[in-house]
Amino acid sequence: MYDHFDFEVFNTPHFEIHNYLKNDTVLLNLGQLSERWYLRHFAMFADSLENSPIILYNNTGDFKQTTVISGIIGVGTGGVTEGLRSRVVIPVMVSNKETDHVLGHEMVHVFQFNLVRENDSLSFSSLANTPLWMIEGMAEFLSIGSSDNRTAMWMRDAVITDDIPTIKDMTRKMGEYFPYRYGHAFWAYITGVWGDNIMQPLFYNSLRYGFDYAFKSMLGLDSDSLSVLWANSTKDHYRQYLTDTIAPVGNNMFNTESGGEINLSPVLSPDGKYITFLSNKDVINVDLLLADAHTGKVISKLTSSLRKSHIDDFNYIEEAGSWSPDGTKYIMTTFTKGTNKFLIVNLEKNKVKSTKEIEIEGIDGLINPEWSPDGKTILFNGLVKGKSDLYLYHLESGKVEQLTDDLYSDLQPSWSMDGSEIAFISERGQDSDLEKQVFGNYRLCVLKLETKQVLVYDLFPGANIFSPQYSPTDSSLYFLSNADGFRNLYRYHLHSGEVFKLTKFATGISGITDLAPAYSVSSQTGEVAYTLYRNDNYEIFKAGPDDFLQIPVNPYMVNLDAESLPPGKKRLVNIVDHNLNYEKSWPEDSFKIQDYDPKFELEYIGSNGFGVAQSTYGTFASGGVSMLFSDMLKHHQIYTMLNINGEVYDFGGQLAYINSKKRITWGGSFSHFPYRGMTYSLGVDTANDLQYTNYDLIRIFEENLSFFSQYPLSTKLRFEGGMSYSRYSYRIDSITYYYDNGYYVGQTKAKVKDVPDPFNVGSAYIAFVGDNSSFGITSPMMGYRYRFQVGQMFDEYDITSLSLDIRKYFFLKPFSLAFRTMHYGRYGKDANNLYALFLGNEYLVRGYNFNAFNKSKESSPQSYLDINNIAGSKIIVFNSELRFPFTGIERFSLFKSGYLFSDIVLFFDAGVSWTKDRFPWLESSDVRFHWNPNPNYYTPIYSLGASLRINLFGYAILEPYIAMPFQLDNVDYSTGFIISGGGW
């Protein structure tokens, strides 16, 4: 979190919208939309909400800083719903329509959470056990309806490739079958055949008993039979629309062989020689690539050169960037420290030479930068207090000029070649009514720069128009539209008013979202590069202007049948679609503004049960409870925990507080924990002629008070610091059991008075941490991770600790080389008074565990490695690994698998430990760098081996390994097993 936001609360009849928008009109619109969605969803769930919270951020950059959701919010996340208090967390989007859709989608999750919360027979684990396609598909269906251009495009492609998933496929292979699209289509089918009223009870029974039982009990079909019916209906529905389509035109430049599964947002240079595009060519990242537009050869990975430590991310979902008129510079948008900035890249010999960042004060969100034909200004779409307008940035003066100023969303601007006009899209058509919060379809608009007049072209009423771009002669405008139910390229002749359809593709020219750029036109050659969705991938083609069809079409004729979802026109009475067109408004006095109320309250309570037992050994209790308290924005959190495992003295607990209100996150905790141990002895009481067994129950009590803080420089870099103070005290109870010839006769119990004295330990540390790594299946595969830390212990111990941990990963598709160098050492007069650091720990040097040492006990004295000689107060470790994806995602792994995700790892480990405060390579140290162990010195150890890392469904990484421990005599190999959160 970089910024502090002063929230207030906008109350509607059913919601509390926490915001800092400072725009009453936009806020009123959002309040109306929220209540409208409430009525629509209430009709399906028959469940009411009261004071349901919505956390609203002014833009995506602010939204990425939210404290309500832990972790980093990735590019492309439109909104989230937090489960504990059903908080909807969303930004104002660049489009009114997108904000409305995201709000409606997330509000479905609120009703889903509420259904679980209000039913005693359900719990949150019911949601966790419910397939994601069922949850997200329902949210899409209820917020979009039974007709959607994007979902229909995916399903047409599934029909063409004969890859309509079964219900089990969707459940088990989420990475292969996108839950939003396929789940949307499935719910549209179920409700189309059995009616919309089946949705809520079917979902409820799926939560309670599982979807297969729900299908059998309510539909009379098992999931396999239902899958067959759905597939047949989908094929029958879409085959009628696939007869009059053509193959892609032009050259297929980037596909799964030459690029990745997703190849998006192509931008041709003005002279048509180069092309930039987004691709997951290296599998684990989406990068902006620069390629030769004629050969398709990738010249440079621009984002690799631009991933500076202070840049959090690139906005690669809904924009592509723009070339300068001379083709020597490129501009794109970044997220940097919570703010949108423009980044200008200077290219020299097709390599990044230098960069320049531009921050524009007063404009919250920046998107779609377009370089002017004279190279002096940047045209862009700006978001200010919920309003999306067009702006000009003058490169020399740094001045900003606002071109449009209204409540319409003005998007995807594009220059005419002579610089006198700007084409863009907006909901400025007759189907919009801003006073009633009705946002119609995107229309083609042209802004005359000299007069600031906006012309609205009413082409294809009832359909959307996207991404207008001028032809090289300014005689016509290209654009995308779903006018025929598909998503094809059209050309509008400005002088004659004629419209021509240029493509008739079975799927569609599309990016990941509706507003993502999907094609570009070279301003000099007129060539067109476009992204086509097919075979469940996004491919880029390039074609000349003469390669396309030139089919004249009626600019006022629209037929959207091809984007309907099965069963199409055979649907039963459709409540959802009807309600989506229901546009009730509430009087303004239904809403009011009030100061932000933190509403600090209990969010979560958990228990592992409680039990009491009585025996001859005494009364014992076991159990625990934990609670989490927080305010609405999670600026303040309190965590409490209490448990017992034994007698009354074995109560333990913790109270912790975290403050995330500002950029510095800080907190503290106090805890009391008992640690139990026991010794026993056997003997004879000669005075009473009895045998006895004596147990000394040893308790060590730790009271700890600690403080900690964290200061992020970016999402990749941060400072950490903290201090703690602990007191350790002892209690020993001596329990003696007496026996007469084996029969129990009694016991005595006494508190031992002669116990060790209490002592105190204080510590403090400061650390600098960096992490820009990209994970593969089980381990990081690209980037770096490091941590530099200095600590100091005081009071009972005087120890200075030093930790240096540097990790680097090189992805050489398909494998990765990983290296780690680590030093941890305790220095000072008490450095050797604590427990030793064992180098044979399997997280450090594999192959030297205790089982391996047992095998080597028959070693000769001159080659015997003493286990104590690899344990000390200081260690240096070096690890290297060759990580090869074994089973998992196609194109990333050797064998494709939807269930088993694993890596094969070949490793070399080395390390040395020592005790003296000397560099280990000095003659005065207690280390000798010999291959064979020396019993008088600490000796480096080495191992070579292999392991299989298995991803246990995201919960843990299991790693059985085999290693050759070179310094263990008589041990050819050793084995071990590691459970971790992921390879180092």
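In this predicted model, the second largest pocket holds about 680 Å³ of space, where a pocket, on a 1 Å grid over the protein atoms alone, is an open set of points with protein on both sides within 12 Å along at least five of seven lines, and a volume is the space filled by probe spheres set on the points. Among its 37 lining residues, which have an atom within 4 Å of a point, Ser-322, Glu-370, Ser-414, Gln-469 and Val-521 are closest to the centre of this pocket. Strands that give two or more residues to the pocket lining include β12 (322-323), β16 (365-371) and β24 (465-470), strands being DSSP runs of E with at least two residues and helices runs of H or I with at least four.

Residues are numbered from 1 along each chain as its sequence is written. Local features need pLDDT of at least 70, side-chain atom pairs count only at pLDDT 80 or more, and totals for linings use all residues.

The largest cavity has about 160 Å³ of space, and of the 18 residues that line it, Val-26, Asn-29, Asn-96, Gly-386 and Phe-439 are the closest to its centre. Helix α1 provides the largest share of this lining, with 4 residues.

The second largest cavity, with about 80 Å³ of space, is lined by residues including Leu-278, Phe-314, Glu-319 and Met-332.

Key. Heavy atoms only, no water. 1 Å grid on protein atoms, 1.4 Å probe; cavity = no way out; pocket = protein on both sides within 12 Å on 5 of 7 lines; lining within 4 Å.
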